[in-house]
Amino acid sequence: MRAVGSKLRKRGWWQPALTFSFFILELAFLSGCRGAQSALDPAGPQAARIGRLWWLMFYVCSAVFLAVSIALLIAIFRERKGREKKKGDEPDTSPEPKRERLMTRIVAGAVGLTVVILFVFLITDFFTGRALYSHADPQALTIKITGQQWWWDVEYETEPASSIVHTANEIHIPTGQLVKFRLTSTDVIHSFWVPNLNGKKDLIPGHEITLTFQADRAGEYRGQCAEFCGYQHAHMAFTVVAEAPEKFYEWMNRQRAPSVEPTNDAERRGQQVFLSSPCIMCHSIRGTIAGGRIAPDLTHLASRKSIAAGTLPNTRGHLAGWITNSQEIKPGNHMPPVPLGPEDLQALLAYLESLK
Amino acid sequence: MKPEEQSAGVIEEEETAEAPEAEREVREGDLPEDEERRLLDKTWGDKPGFRGWLASTNHKSIGKRFIITAFIFFLLGGILAVLMRIQLARPENTFLGPDLYNQIFTMHGTTMMFLFAVPVMEAFAIYLVPLMVGTRNIAFPRMVAFSYWIYLAGGVMLFVFFILNTGPDVGWFNYVPLSGPEFSPGKRINVWTQLVNFTEVSALGVAVAIITTIFKQRAPGLSLHRLPVFVWAMLVMSFMVVFAMPAVTMSSVLLTLDRLVGTHFFNPAEGGDPLLWQHLFWFFGHPEVYIILIPALGYIASIIQTFSRRKVFGYTALVLSMLSIGFISFGLWVHHMFTTGLPQLGSSFFSAASMMIAIPSGTQIFCWIATLWSGRPLFRSPLLFAIGFFFTFIMGGLSGVMVASASADLQLHDTFFVVAHFHYVLIGGAVFPLFAAFHYWFPKFTGRMLNEGLGKLTFWLMFTGFNLTFFPMHQLGLEGMPRRVYTYLPEMGWGNLNLLATTGGVVLTLGVLTFIVNALSSRRRGARAGDNPWGADTLDWGTTSPPPSYNFLRLPVVQGREALWARTEDAPFVEGLRSDCREVLITKTLDAEPDNKMVLPSPSLWPLVMALAVTATLIGVIFTPWALPAGMIPAAIALIGWGWPKRRDERCERKRVEEMSSEERRKEAARAQ
Amino acid sequence: MKKGSATIDVTGLPEFAFGNRGLMWWGVVGFLAIETTMLVTCFASYFYLRDRATDWPPPPTLLPDLLIPTVNLGLLLLSVVPIHLVSRAARRLDKRRALIWMTVGITMGIAFVAIRALEFRALNVSWDTNAYGSIVWLIIGVHTFHLASEVVETIVITLILAKGHTEPKYFVDLTDNALYWYFIVAIWIPCYVIVFLAPRFL
């Protein structure tokens, strides 16, 4: 056997020390995350429960990581000089029953501690899960979300059926109330996720899955599809607007109404352009003959804050760009380019912008 | 033998040995040592020339090919990863469009899981297990050769289709209905399903060979309780392959049928269900990650034992925890499906099962720390990688406990947190050990030492780069960044962490490049290694580096758990195996007592022919279901050619039953029961 | 290399062995495990799909016929007898008996495969009618594939033997092949129960 010099063993103590401080630095990263699409900034009881579970696990796991790392570093750098001088690099095969027994006890203790920690996690997880599942209030406001490539169809299931509110990519909810979502899909699997309010649930064709959450803080929370669903999975977002109940019901009433009639020539021409173009094959505008169901409902398009499933702010310029060539903005989406003359386009924009 | 006869044997390797000598049996000890070595080499070695190379059935030749091929796929998968990181470095980057990005992330996952991780682990087993158990070749060597060719063909096929812009593009998990006939017309998904078939056939064949080798071909004295932890790891891995891979083969068959002949397994309109795919896929997919992890634990065990200069602490605990990881891993696939609306009690059950995995994994870590604690660690590059493994794997394990919690997973699932988690587990838990293994066994494979300085540089670059790349992803996930997005909006505020991750990716790449430079230069100019440069204990170090084609001049007899450390001066050896035939010793399954002998098949081109037939069939199925019945015919011909008796093999066989007297027959039969 | 003081001489050990003493047995058992797992995956899929449906088979699909499948089940069960006799003859290195019973077994196997074609018709459903049709076709299809390849395999081994290659290892192959045959027969019982009987009471 070639001698593997003991010099090597002495050099480079700083290397793992460096590694270790690196990890500490990294851990410091994870502090103070705030944002409109962040699991660490809960705005309702469901997200807060999960947040508490997460922080519990974070602190305990960090402590475990530190403890194991320290044990590992000591194990590596602990020198046993006396014996080493005597035996060099020859393998140590002599039995040490006393030492082994001690180590067995320590290892068994560590395993036992692991079991205890896992138990704590499991129980916390179970009660968190129960809290998330147990809110099946039949009176709750129910919203049906249908995932489509790559946008969200939103239906408020209110009585009577004739006055159902139908919109897309923007969900308004009243604060302080539990809202129930019925999730399904007509094409591929999507996943409905508003990190500030609750965890995600999938939208699966042939299945219906329920998710409930409540927003305690008014505000706008962004959600995004979390299950890969094809080309434009990256651009399939939506906004949840949580507002005071009275504001919410005002919004509901506005949404319930059919679309506004055009009030000037430009808007009238725009409506004509819309109704005589292929747009009506897919889109619907309640109060007109446009009744397509395979693309977002445009009855109150102008009341929405963004277009193209949370991709662009709802401004005239973006709307124009989207209509003339949406493929450049969101390649592969299912809306074909609509070739329009500049005047027709301006009229159409005027009409769409009037759909408050 | 006349030259024309030689060229007539197109497929079979013709016997070029002096024919008359075949009449006399030559056994170990009949010849002087150098002549015996020459004869053994002629018996076991690859035949010369390109044809000999193609026909090789030697486990070391195949293992080396397997390792190099898998490493090339690792590099290709790595290049794809770098492309993804470039795309994500800035918001709304236009470096890659969605079509190409989706193909690339699918190719990256598929390559790393199917073409790199599992094959490279099996490749190490093919090379090292026969050496470690002390035999001359792997069981079923032709099947192993076939497995290599079919694996190579599958990988090449995938990348050719990718270059032709027909790469699969719905993720390595290939969820229906997105991958079904309605939402993925065209051939892209068919390429994916066929790739799965290629790699699974290959993996299953190798797994059966490894199990058989470990159970039946161990050197005398190597009873199960003396089996090195490495070999246990390979045994557990092979069993897991046998029970996990058929599920993915079956699911790819179902999807192929849905796509090609209009069945409705996954079509909700006709009574099928998309979730069936997820159950089948993850029933394979979760054991899959442990199939990758467990061999890595085997490497770590070998390396820790060697470099802490003492026997590994808690042998029984280590083996039992590997076995229990193997068992438990089949009971937690549903933790990939916590967001699919399962009843809560079901979720809790699978949460508990998933967390339970932390107990055996923790036990392993604690045992190794205890080993290092009571040993005298030598800081050579393999140990450095092993220690890197500890830090990253513990981290990945802890984030694994977090995602195992069904409630927390509702937030973490399908976000970059999960990307971070499984790269910590897979790179930390498998790639670092693998690089440790490269640095550790390189001298055995090539006879030369790797440059130690470059080795350490490789480690520090890889370790720093890895953490820079993947640590920020935890935070990205918590801040709401979903997986598998080809871009993100600037106002999301994910730009800086993504840029940091991309920078880390560059450093990681430099680390891998350093390793390649090191390996290429050391292969020729490295210091000579000698038989056992690390003073290790397993039998693979008890022969020359690189080992001769026949592995051992005399099969060793194992005297203790640490075979070479326990070997005494007057250690016994096995004698009496034939030197002129590919005869191996078969021992009893539990205590490895010599039981009988068997002649392993000779080199042959039939495995290659068979692989070509199967390749043509599987590629044909991408285009038409009729390729399957059509492909049966050449495959059947190849199979018959493979199994049909060859005269030159019969030279080594016991004499024919017809020539025995009935008395002899009775006696022979009685001995063989 | 210096000769060790004590060597283990293996010159006199037998050069072939039946059952789990030989390598081939382990290979066969390995593949049996793989194929069982595949079929069990199919069974699991069947019950999963059953669970998703309200009626089974989903109307207007009719129940499968019982007569031909039951006759064929009987035939397959019966084929265990000649194959067992083959195995017994092989273990005694008795070429003549082995060949005779082999021929009987193969004939029964071929008859079974032929009747199998009628069995597909007895399903009363096509693979592309609905998910029920898909899964029952799949189960029978996978089994038929294994059965047909086993019959071909058996024919090849018989030919090898008949051609005068009578090294003992081919007798070992006969016993391992018999093991595979038993598997094909045994695994057909749950297939039969699931495909033909289960729809009647599920």
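Colleague: How far can I trust chain B, and what is its average pLDDT?

Modeller: Start with confidence, since this model is predicted. Chain B averages a pLDDT of 92. In chain B, 96% of the residues score at least 70.

Colleague: Where in chain B does pLDDT stay under 50?

Modeller: Where pLDDT is low, the predicted coordinates should not be read in detail. In chain B, residues 1–10 stay under 50. The model gives that stretch five contacts beyond four places in sequence. Residues 12–22 of chain B are also below 50.

Colleague: Now the chain pairs. Which pair has the most contacts?

Modeller: Two pairs of chains touch, and chains A and B have the most contacts.

Colleague: How many residues does each chain give to the contact between A and B?

Modeller: Chain A gives 83 residues and chain B gives 87. On the chain A side, the elements giving two or more residues are α1 (6–10), α2 (14–29), α3 (45–77), α5 (97–133) and β7 (201–203). The largest share, 17 residues, comes from α5(A). By class, the side of chain A that touches chain B has 48 nonpolar, 19 polar and 16 charged residues.

Colleague: And what does the contact between B and C take from each chain?

Modeller: It takes 64 residues from chain B and 54 residues from chain C. Several elements of chain B give two or more residues to this side, among them α7 (188–216), α8 (229–260), α9 (274–307) and β1 (573–575). The side of chain B that touches chain C divides into 34 nonpolar, twelve polar and 18 charged residues.

Colleague: Which strand of chain C is joined to β1(B), and how do the two run?

Modeller: For paired strands, look at the bridges and the direction. Three bridges join β1(B) to strand β1 (residues 7–9) of chain C. The two strands run parallel. For one partner pair, take B:Val574, whose bridge partner in β1(C) is C:Ile8.

Colleague: Last, a single residue. Why does B:Ala55 count as buried?

Modeller: Count the C-beta neighbours. The cut-off for buried is 20 or more within 10 Å. B:Ala55 has 22 inside 10 Å, so B:Ala55 counts as buried. B:Ala55 sits in helix α3 (residues 49–55) of chain B.

Colleague: How many residues along the chain separate B:Ala55 and B:Leu608?

Modeller: They are 553 residues apart along the chain, yet their C-alpha atoms are separated by 7.5 Å.

Terms used:
Residues numbered from 1 in each chain as written. Chains lettered and ligands numbered in written order. Predicted model: local features only at pLDDT ≥ 70, side-chain atom pairs only at ≥ 80, totals over all residues. pLDDT = per-residue confidence, 0-100. Contact = placed C-beta atoms within 7 Å. Helix = DSSP H or I, 4+ residues; strand = E, 2+ residues; numbered from the N terminus. Nonpolar A, V, L, I, M, F, W, Y, C, P; charged D, E, K, R; others polar. Pairing = 2+ DSSP bridges. Buried ≥ 20, exposed ≤ 12 C-beta atoms within 10 Å, placed from the backbone.
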